[in-house]
Every structure is written in C-alpha cells, then in structure tokens.
Amino acid sequence: MPLWLREHSWRQTLTAVYLSLPLRGARATPANIFCTEQYLKVSIPPFLFEAILYAPIDDTNSTAKIGNGNIFFTLYKKEPAMWDSLTLANADKEKLQHVRENAVLKAHEKAKEETEAKKITKQEHKNYALEATMKLEEAERKRIEDLKEKERQKVAKELELWKNQQKDADKYKNIPKKGELRQEIEELKEKKNEKMDKTRIPNEGTSKARLKPTKGCHGSCSMFSENLKEEQLPAPRSAATIKVNFTPRVFPTALRESRVAEEEEWLQKQAEARRAINSDLSELEDLKEEEKNPDWLKDKGNKMFAMGNYLAAVNAYNLAVRLNNRLPLLYLNRAACHLKLRNLHKAIEDSSKALELLTPPVPDNENARVKAYVRRGTAFCQLELYAEGLQDYEAALKIDPKNKNIEKDAEKIRHLIQGTLQGS
Amino acid sequence: MSAVAGAERPQVVSHVQQALSYTVFDCKWVPRSARLLCLGSAARGTGLVQLYELRGARLELLREIEKPKPIKCGTFGATSLQQRYLATGDFDGNLNIWNLEAPEIPVYSVKGHKEIINSIDGVGGLGIGEGAPEIVTGSRDGTVKVWDPRQKDTPVANMEPVQGESKRDCWTVAFGNAYNQEERVVCAGYDNGDIKLFDLKTMSLRWETNIKNGVCSVEFDRKDINMNKLVATSLEGKFHVFDMRTQHPTKGFASISEKVQKSTIWQVRHLPQNRDIFMTSGGSGSLHLWKYEYPAQRSKKDSEGSEMGVAGSVSLLQNVTLSTQPISSLDWSPDKKGLCVCGAFDQTVRVLIVTKLNKI
C-alpha cells in the first residue's frame, strides 16, 4: 500500500497554479513525475501523490522544480479561471481509473509524436550538412579546375608568341637573301637531280668523286656557315666490324622466353592430381579424417623414413597412393624406401611411375626428376644392370650438370662397365 | 624524395590531342619549327609519314606520305639544319633518308638489315656536335650498323654476333661522346638485358653489362659532350642511370636503378635544355618526369687505387597518366623548353607542355 502524500500546499493566480509538495526524505527525479492535461502523479516508492486537477492545464509548458526536500510545480492553466480547489471533488474510483488510463495513453501518444518529430528534424539536419559539404567540395574542385585552365591558357599564349617569333625570324632571315635564294634553289635542284641520277644508276666509284665538286661549289656561293663546315667534314670512316657475344641464357629469362605454356601445364596437372581422390575404398571408412589426407600420409612417411623405419614409411606411402595415385612425390619417396629395403624391382617401378607423372619437364620439377633418375639408376646398378643404370645417371646429369656426386657415380659405373667387359 | 614544394612542381599540361587512323610508332619534332612528324603503320600494312603543324589549340595536317613498308623509327639527328632530311627505318630493314619536300624518291636508301629496324639515331647534324654525320640502326637480326649518308650500301661500322652465336634482338641504339671529330660511341640495348658500348674511334667493345630485363630504350644525356650520363630503361618498370665519367677496369660504370611501376618503360628522353631532367614513358600510359642529382664526389678510389664512379640520386618531379595504352614514343622540342610530343598505342598523338622547368 503506497503512502499517500497529503501535506501539499497550493496557491493560484488567474493563469497558473503553484503547488508545493514536501517529500518526506525521499529523493525525486524527473522520472517520478507523471503529468498530463488533467492528471498529476508523483510516485516515489513507497510514497504516492496523485491529483485529478480541477481544470485542464497546459502540461508542455508547466514546470516542476525539485529541490530542498520538496517539489514545486508551476502549472499553467489552459483557461484562465480561478479554481475552487486543486482537485476535482467527488472523484469516485471508476472515474479515477478512467482518468488514469487516459492520461497514460495520452502520454504515450505524446512521446511517440515527439520521437517522430525528433527523427524528422535529425534527417533534415543531416541533409543540410550533406548539401553543405557537397557545395564546399564542388567549390574546391572548381577552384582547382580554374587554376589548371589558367595555367593552360598562359602556356598556350606563350607558345603562340614563340611561334610568331619563329615565323618572324624566318621572314627576316629570308628577306635579305632573296637574291641569293634563287641561286640557292637552282643549285639545290641541280644537286637533287644529281642525287636522283645517283640513286637510279648506282655507281659507287663515282659517287664520292661527284660529291666533292658540288660541295665545293656550294661552299663558295653561299653565306651559310653550316656549309663552310661541310668542307671540313672528315671522310667516311673506314668500314670495320666488331664481333660481340651475348650473355648466355640464364633462367628466369624475360617473359617472352620462359616456357610459360609448359609451366602452366605442369601446374594444372598438379592441381588435378590433388583433386583426384580414389573414392570407392570402403575399408577406409574407419580411418581417421587426417589419415585420409595424402599429404599428411606423405609427411608421416617422410618422418618414418628419416627415423629409419622403412617398412612403416612404405605403408604410409601405400595408403597415400591408394587415396591419390597422381602425386609423383609419393612414388618418388616410396622408391627411396624400397631402395633402402633392397626391393630393387619395386624401386625401379616406382621411380618410373614418378618420372611418368613428372612430365612436362619444367624447371619446377627439376629436382624431383633428378632424384628419380638417380634412384632408378642406383637400383639398376645394384641389380648389376649397369648399362641401364648409366643411362639414368647420364639423364640426371643432363638436368643438373653441376652436381658432383652424380658425376662421380656416373664415372664409377663407367669404370665398372669397362671392368666387366674386360673381365668377360 | 623531391625537395620541390607541391605548388612549385612542374605540371604536365596536355595541350593538344590528335586521334590518328593508324598505329603511330614514332613522333619527332621538325627542328626549328612548330611542326611534328608522326611515323607509323596503316592498317593495310603500308607505312605512313604525317606532317602536322601546331596551330593554336589544334594540329593541322600539312602532308601525308605513304610508303610501301611500315615505318618503325625516324631521326633528324644526322642532317643539316637547312636540309632537314628525315632518316627512317622500316619493318623490312630498309634505311631511307627522305627529303620531305620531295618524298617520292629517297635521298639515300639501303637495305641495311634482314629484319625490322627497331631503333635509329643520328649524330653530327643540326649544327650540334662535330664530326661526320652518321646514322646508327639497331635491328631484330642482332646487328647494329653505323651508316654514313655519303657512303652507299655498306655500313661504316657493323656490330654483329660472333659466328655461331645465337642472336639477340637489338631493341635500342644511341650515339654519345661525340665531342670532337674523332670520338664517337654507340650504345646498344638488347632484349636479353645486354647493354653494350662500342667505341667507334678504336672500333672495339668498350663496355658491356646486363641488366636482367630486356632494354627498351637507352639515351645519353647529351650526344655531343664527353659522355656524362646514360639512362637505360627496361621491362618490368626499372630504369638505370649510369655515370659515364669514370670507368672502372672491372666494375665498369657506377649506376643507380629505380623501379617505377610494374609495366615496361618504353622510352626515356632527356630535356634538350637541361641534361639532368628526363622523362620516361610507361606501358600503363603514364609519363614520369625525373631529375638527377649528382653526388658530392663523382668518383672515388677503391681499395686497389683505381678510380670508381659514384652514382647520384634520382627524384621524381611529376607524373601523369594520359592514356590506357603504352606511350611508345616521346620527343622534346629542341626549340621550346617544355614542349613535347608523345605517341601512344591508342592511336593518338598528344602535344604536352611541361611548365615551371625554369625553376628546377
């Protein structure tokens, strides 16, 4: 049950009502005050004060001051008239309820309207700001354009001026020499005719000789300084040839020479190989997710090989191959394992399969190919098929000519072959 | 990197743009005039030479000359100022010198190479430098030949691969060091990154190096002085600046290199009025303007006591993107500072003005 606050005091003028409500120690905030046109409520739990006002008030302009332990309301009347009392008398419970509900509804509506209005004004402000910035940017742009235009015009004017100067200079140059000019033209025509004859009847021997007389004539008749220089020109150089060498081709060369097409093919093959997974293996269902990944299996195999556990490595590679039989590195590594296990035929098979998959031959897979050849060569030699072994070593050497080990081994095999030939 | 403030930097202003109906391979200013030449290849496989004049804000076509073979490159470097004959190299390996007033028959013609002449340069003409006017051509057949217009049919110097050696395309040639009548040097860049410097006075190979990527363009900063700097541009956006004043017996010339962008740098051209400023044009349609700064000491002694050059530094003054296609040719006007023309593979030729070069 709320505690009703009844110790309020009020006084009124024609237009306003002043209500003072003492709060018995309670602290009030604006949220506790609820006021509509004809209903006023102050609720600070557990205290409660409500009043149905005698006549409607203008609740937007009315104020409430909170302080000094009481709330001081200044309520402006809608119609200036003297009230008999602050509240309506004979207010029964139903009417009270009704009034309360109305009040709440009205408050809601007002709140809604206010938010709407606020939104609209915010929008307008934003638009205004946007337009203002756009105008500013436009002005800036225009200013820069104007600057550029001015610059351009200035430069164009200078150019015109210079051109006119050139034209004038030419005119002045030509005027005093008009007399000479005719002579010049005739001489030029003569020279031209001679030259034309020269080109029509190529005559190397006489050309040089003919040139000198015209040059001499030219030099004496005209006042141009350039022609005087002509007389002093050195004779044409005596012909000579300089031989050059070009830097040997080093990969990577310019794009025009790189074997892009083949590299693309290789990359595509690799990409496809990764995607090709043999599906139908039902016994693989109980394998863990990572064990179905050929790369993971390859890594596992490599680790086993490094530790010396060749059988386990072979198992890992086998499983990987069953999952994806297009990855050349799996076969390559398995060949190495077989070599260590002295399964020479299997080593040869795997190296061959690896080499098959390592086409087209591009610098990318050079290393792999060298290893494949070397492993196959070793297997052949251990089977005493030295000729085939030598072939493979030489192929490896061709790819990687700088590898000393391969060279040494190839030499050894050659000696062996010669030794057996001599022996048998 | 650049010490020049933003507002004071040179600006590249596009003055005129002209759309062409053929592929332009080379564009050159006609010396002492406001005219320019565009050399290229028409769609039907013939060569075109167009002469334009800069009038106000547009280019006016004065003359169009058609030749049986597409033309790849041209130069005015070896003619006198009055004659202004154009030397061209075409797709068939022919070197021709034309009088543009009467272009029906060439003044000089020789089938110099078996394959396309990629690059041509001339020295000794235009009142610049001393010595006999000569033309050098570099071709896809791997040879570099020097021609004297007074000697028919045979070159005065021929730089060819040793017998049996597989040839590399020569992509660019440049003359340099022509400061008196005897001295002359030819620099050639090849597609495998080789740069070779041939001394024509001693008829020998003076220096060679390899910059790994094919060399698209080489140019000395001035042809007619004691060789000072050489810029070589290559594929994959790199260019090298070599200090040519000091040659070390084993290490050659000192250099710095700069990487611009991912695309090929097609051309480098030094400003005729200031030999430390050059412009590079790129495969992405952009132009970069650079300034070279010399180091405090241009040479120093190494541990054995032989002189070694010291390379300076390069700073970017400005860059601008004009087109989406490579800008394959670039030429500064020798008469007006900052005026240049560039031709791009989008079949347009553009006249540009670079401002504020006086303040550099």
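What percentage of the 424 residues of chain A count as buried? In this predicted model, in which local features need pLDDT of at least 70, side-chain atom pairs count only at pLDDT 80 or more, and totals for chains, interfaces and linings use all residues, the share is 30%, where buried means under 20% relative accessible area, exposed over 50% and partly exposed in between, with a 1.4 Å probe and protein chains only. Residues are numbered from 1 along each chain as its sequence is written, chains are lettered from A and ligands numbered from 1 in the order in which they are written, and side-chain values use heavy atoms, with hydrogens and water left out.

Chain A has 12 helices and nine strands, these elements being DSSP runs numbered from the N terminus, with at least four residues (H or I) for a helix and at least two (E) for a strand. Of the contacts in chain A with a separation of 6 or more, 57% are between residues 24 or more positions apart, a contact being heavy atoms within 4.5 Å. The chain exposes about 28,800 Å², of which 54% is supplied by carbon and sulfur atoms; the areas come from the Shrake-Rupley method with a 1.4 Å probe, and for residues only the protein chains shown count as cover.

Helix H6 of chain A comprises the 14 residues 294–307, and the distance of 20 Å between its end C-alpha atoms agrees with the 20 Å that it should span at 1.5 Å a residue, the expected span being 1.5 Å times one less than the number of residues. The buried residues of H6(A) are A:Pro294, A:Leu297, A:Lys298, A:Gly301 and A:Met304. Seen down the axis of H6(A), these buried residues fall within an arc of 120°, so they line one face of the helix; the arc is that of the directions from the helix axis to the C-beta atoms. An α-helix has 3.6 residues a turn, so residues three or four places apart point the same way. The cover over the buried residues of H6(A) includes helix H7 (310–323) and helix H8 (328–340) of chain A, whereas the face turned away from the buried side carries the exposed residues A:Lys303, A:Ala306 and A:Met307. H6(A) is followed by A:Gly308, whose phi is positive, near 100°.

Elsewhere in chain A, strand E2 (residues 9–12) and strand E3 (residues 16–22) run antiparallel and are joined by four bridges, and two strands are taken to pair if DSSP finds at least two bridges between them. E2(A) and E3(A) form a hairpin with three residues between them, and A:Trp10 stands opposite A:Leu19 in E3(A). In the loop between helix H10 (366–382) and helix H11 (386–399) of chain A lies A:Glu384, a residue other than glycine with a positive phi, near 65°; A:Glu384 is exposed, with a relative accessible area of 58%.

In chain B, four strands form an open antiparallel sheet in the order E1-E30-E29-E28. Its edge strands, each pairing on one side only, are strand E1 (12–19) and strand E28 (327–332) of chain B. Strand E29 (residues 339–344) and strand E30 (residues 348–354) of chain B pair in the antiparallel sense over six bridges, with B:Cys340 opposite B:Leu352 in E30(B). The segment after E30 of chain B contains B:Lys356, which has a positive phi near 60° although it is a residue other than glycine, and which counts as partly exposed at 21% relative accessibility.
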